[in-house]
Every structure is written in structure tokens, then in C-alpha cells.
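Me: I'd like a close look at one part of this model rather than a tour of the whole thing. Here it is.

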Amino acid sequence: MQARQAAVAFRQRMGVKTITQGTRIQKLSIHTPDDLEARCAAVAELADEIWHEHFTAIIGAVQVDYMLAKFQSAERICASIRQEGYVYLTAADTEKDRLIGYCGVVPEDDGLLLSKLYVHSDFRGRGIARSFLEELFAMCRQEYGLDRIRLTVNKYNFSAITIHEKNGFTIIDTVKADIGGGFFMDDYVMEFVLPKDDR
Ligand SMILES: CC(C)(COP(=O)(O)OP(=O)(O)OC[C@H]1O[C@@H](n2cnc3c(N)ncnc32)[C@H](O)[C@@H]1OP(=O)(O)O)[C@@H](O)C(=O)NCCC(=O)NCCS
């Protein structure tokens with residue numbers, strides 16, 4: 001019994017949570033002890049793989065490389081957590097001890113911005129994004145006192161738009177952002193409003 005209590009206390013302290021069998025969700029935040037750099041490096045490595053696989057067909061290889069370097073390097077991810085209030089959730093396959101997905105959020109005045117949500121292609125359709133979202137809904141209410149989650153999605157990322165709609169997000173706006181280097185992000189803004197009872 002004591003061992004179990006200790007395990008629970010450890011998992012709470014580390015922000016570790018088991019969602020589905022064989023998958024573990026872990027929170028990376030300013031409070032993550034000691035090995036934040038190594039964890040951010042693992043996220044950046046996964047980002048590199050997922051972005052090349054999924055986004056090359058949508059925005060081209062040159063823009064993929066540009067955006068990975070600008071927004072998803074290990075240093076950038078670490079800095080966003082340490083200096084900009086970002087929190088990341090990572091999902092690991094416990095059997096293979098391998099990172100398989102991640103998302104990144106930051107609170108804004110009128111909602112939680114879901115700025116990243118990615119799952120490795122081998123592990124899609126198993127409810128990992130849904131589990132991230134459930135965790136984010138709880139964080140949105142309990143930790144930030146916010147009632148909505150917003151994200152932006154490339155207008156031509158049709159599979160993701162469908163999945164976001166299945167998860168309750170609706171398109172509320174469009175945005176075209178100049179990200180430098182001659183590149184633009186041509187996106188829909190999608191929003192999920194928490195049910196009133198859950199706020
Ligand atoms: C979008 C993404 C994160 C979803 O992750 P996932 O773990 O596969 O999603 P889930 O398994 O939790 O599925 C959530 C819902 O979408 C549905 N879904 C999953 N894949 C789908 C697909 N290809 N087409 C239609 N619906 C799909 C699921 O059935 C589920 O709905 P349900 O509960 O009603 O059955 C993942 O597909 C991904 O990483 N895509 C590439 C990167 C990307 O585009 N990210 C989003 C950037 S905004």
C-alpha cells in the first residue's frame with residue numbers, strides 16, 4: 001500500500017498520467033525538474049519526423065525546414081516553456097519507451113491557445129489527441145480559469161480540420177501570417193468553447 005501511495009505521489013509530482021493502456025502522458029512546464037532540455041530535444045526530434053512526413057505535401061520541404069528551425073527546435077521549445085508560459089504534454093508508448101505525440105499550449109487573455117498538436121503516423125486514430133484534449137479541457141478550467149481553446153490549422157490540412165471538427169472545434173476566422181523568409185501561414189482559426197457546466 002505504501003509503495004502504491006509513493007508511486008501515486010511521484011506520478012503527481014512529475015505530472016505523469018496514464019491515459020490508455022501502454023500510453024503515458026507527461027507534462028513539461030517551468031516546474032519540470034532537471035531534465036527539461038533532454039525532454040525538449042526528444043520533442044524536437046519527433047517534430048522533425050512528423051513535420052517531414054505530414055507537411056511536406058502541404059507546404060513543401062523548404063518551408064517545413066524553415067518552420068521546424070524557427071518554431072520547433074529543442075532550444076525554441078525549451079525557451080517557450082521557460083520564458084513564455086508554454087506547457088507541453090507529451091505521450092509516450094511505455095512498451096517501446098518511445099515518444100509518440102505532443103501538444104503545446106499557452107494561456108492568452110481570452111482563451112488557451114493550442115499552438116501544437118501532433119501524433120506520430122504509426123499511432124494515429126488511437127485516441128491520443130483526444131486524450132490530450134481532455135487533459136487540456138481540465139487545465140483550461142482548473143489552472144487558467146479560461147472557457148475556450150483556440151488553434152490555427154493550415155487551410156489545406158484537410159485531415160486535421162476534419163479531426164478538429166470531430167473533437168468539437170468550429171472554424172471562427174481565417175488568418176494569414178507572415179513568418180519571415182518569404183513564407184506565410186495561411187490558416188483557419190478554430191475554437192472549442194467548454195460546455196457551461198464544465199466552466
Ligand atoms: C490531428 C492529429 C493530432 C489527431 O491525432 P489522433 O491521435 O490520430 O486523433 P484521435 O485518435 O484522438 O482521433 C480523434 C477523433 O478524430 C477521428 N479521426 C482520427 N483520424 C481521422 C482521420 N484520418 N479522418 C477522420 N477522422 C479521424 C477519430 O475517429 C476520433 O473521433 P471519434 O472519437 O469520433 O472516433 C493527428 O492526426 C496528426 O498528428 N496529424 C498530423 C499533424 C497535424 O496535422 N496536426 C494538427 C495541426 S493543427
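How many bridges join β3 to strand β4, and which way do the two run?

Reply: Bear in mind that this is a predicted model. β3 and strand β4 (residues 98-108) are joined by 7 bridges and run antiparallel.

β3 itself is mostly covered, with 5 of its 7 residues buried.

Part of that surrounding comes from α4 (residues 74-84), as the buried residues of this helix pack against β3 (87-93), along with β2 (23-28) and α2 (36-59). Those buried residues are Ile 77, Cys 78, Ser 80 and Ile 81. Seen down the axis of α4 they fall within an arc of 155 degrees, so they line one face of the helix. The face turned away carries Glu 75, Gln 83 and Glu 84, which are exposed. Just after α4 comes Gly 85, with a positive phi of about 80 degrees.

Leu 89 turns up again in another setting: beyond its sequence neighbours within four places, Phe 132 is in contact with Leu 89, Cys 103 and Leu 117. Phe 132, Tyr 102 and Cys 103 are among the residues that touch the most other members of the largest nonpolar core, which has 37 residues. Helix α5 (residues 128-142) gives the most to this core, with 6 residues.

Conventions
Residues numbered from 1 in each chain as written. Predicted model: local features only at pLDDT ≥ 70, side-chain atom pairs only at ≥ 80, totals over all residues. Core = buried A, V, L, I, M, F, W, Y, C linked by C-beta atoms within 7 Å. Buried ≥ 20, exposed ≤ 12 C-beta atoms within 10 Å, placed from the backbone. Helix = DSSP H or I, 4+ residues; strand = E, 2+ residues; numbered from the N terminus. Contact = placed C-beta atoms within 7 Å. Arc of directions from axis to C-beta. Pairing = 2+ DSSP bridges.
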